Amino acid sequence: EHPIPDWDNLEGALGQLEAKEQRDMIDSALGDMEETEALLLDLYYLQGMPTREIMDITGLSDGNIRIKLMRARKKLALTLSQELPRETLEQYGHGRA
């Protein structure tokens with residue numbers, strides 16, 4: 001005998017699975033990037049660290065961090081645009097500026 005699925009919980013579980021798959025794609029894309037670019041994206045976007053703290057960790061200037069972040073964002077966006085489903089891209093737009 002199979003239990004009747006709770007569709008509300010199933011939808012939440014599927015959403016969590018989709019979020020994990022998307023995070024895995026992001027992690028994979030970061031793994032393929034140049035080390036400094038991946039580190040900056042991780043610190044700034046995934047860990048929410050301000051540039052002044054990133055300056056202390058990396059020794060880079062604020063301006064250099066911002067330029068490298070801009071370039072890294074473009075590379076990451078290009079990679080993800082080729083991997084993520086169109087609906088996901090439309091849902092999240094272009095991300096944080």
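User: What is the chain made of, and how are its residues counted?

Analyst: The chain has five helices and zero strands, where helices (H or I, at least four residues) and strands (E, at least two) are DSSP runs numbered from the N terminus. Residues are numbered from 1 along each chain as its sequence is written, and side-chain values use heavy atoms, with hydrogens and water left out. Because this is a predicted model, local features need pLDDT of at least 70 and side-chain atom pairs count only at pLDDT 80 or more, while totals for chains, interfaces and linings use all residues.

User: Why is Thr51 called buried?

Analyst: Thr51 has a relative accessible area of 9%, and buried means under 20% relative accessible area, exposed over 50% and partly exposed in between (1.4 Å probe, protein chains only); Thr51 is therefore buried. Of the 97 residues of the chain, 22% count as buried.

User: What does Thr51 touch, and which side chain makes a polar contact with the side chain of Thr51?

Analyst: Thr51, which is found in helix H3 (residues 51–58), touches Tyr44, Asp62, Ile65 and Arg66 when residues up to four places away in sequence are not counted, contact meaning heavy atoms within 4.5 Å. The side chain of Asp62 makes a polar contact with that of Thr51 at 2.8 Å; a polar contact is a pair of N or O atoms within 3.5 Å, where within protein one must be able to donate a hydrogen and the other to accept it, and residues adjacent in sequence count only if both atoms are side-chain atoms.

User: Why are H3 and H4 called roughly perpendicular?

Analyst: The axes of H3 and helix H4 (residues 62–83) come within 9 Å and cross at roughly 100°. Such axes are lines fitted to C-alpha atoms, for helices over the stretch in contact, with angles running from 0 to 180 degrees between N-to-C directions. Angles under 35 degrees count as roughly parallel, over 145 as roughly antiparallel, 65 to 115 as roughly perpendicular and the rest as oblique, and H3 and H4 are therefore roughly perpendicular to each other. In this contact, Thr51, Ile54, Met55 and Thr58 of H3 meet Asp62, Ile65 and Arg66 of H4.

User: What makes H2 roughly perpendicular to H4, and which residues meet there?

Analyst: H2 and H4 pack at an angle of about 100°, with their axes 9 Å apart, which makes H2 roughly perpendicular to H4. On the H2 side are Thr36, Glu37, Leu40, Leu41, Tyr44 and Tyr45, and they meet Ile65, Lys68, Leu69, Ala72, Arg73, Lys75 and Leu76 of H4.

User: How do you know whether Glu37 is buried or exposed?

Analyst: Glu37, found in helix H2 (residues 35–46), has 10% relative accessibility and therefore counts as buried. Leaving aside neighbours within four places in sequence, Glu37 is in contact with Ala72 and Lys75.

User: What kind of aromatic pair do Tyr44 and Tyr45 form, and how accessible is each of the two?

Analyst: Tyr44 and Tyr45 lie 4.8 Å apart centre to centre with 85° between the planes, and the pair is edge-to-face. Rings of Phe, Tyr and Trp (its six-membered ring) pair if their centres lie within 6.5 Å, and planes under 30 degrees apart count as stacked, over 60 as edge-to-face and the rest as tilted. Tyr44 is buried because its relative accessible area is 13%, whereas Tyr45, at 24% relative accessibility, counts as partly exposed.
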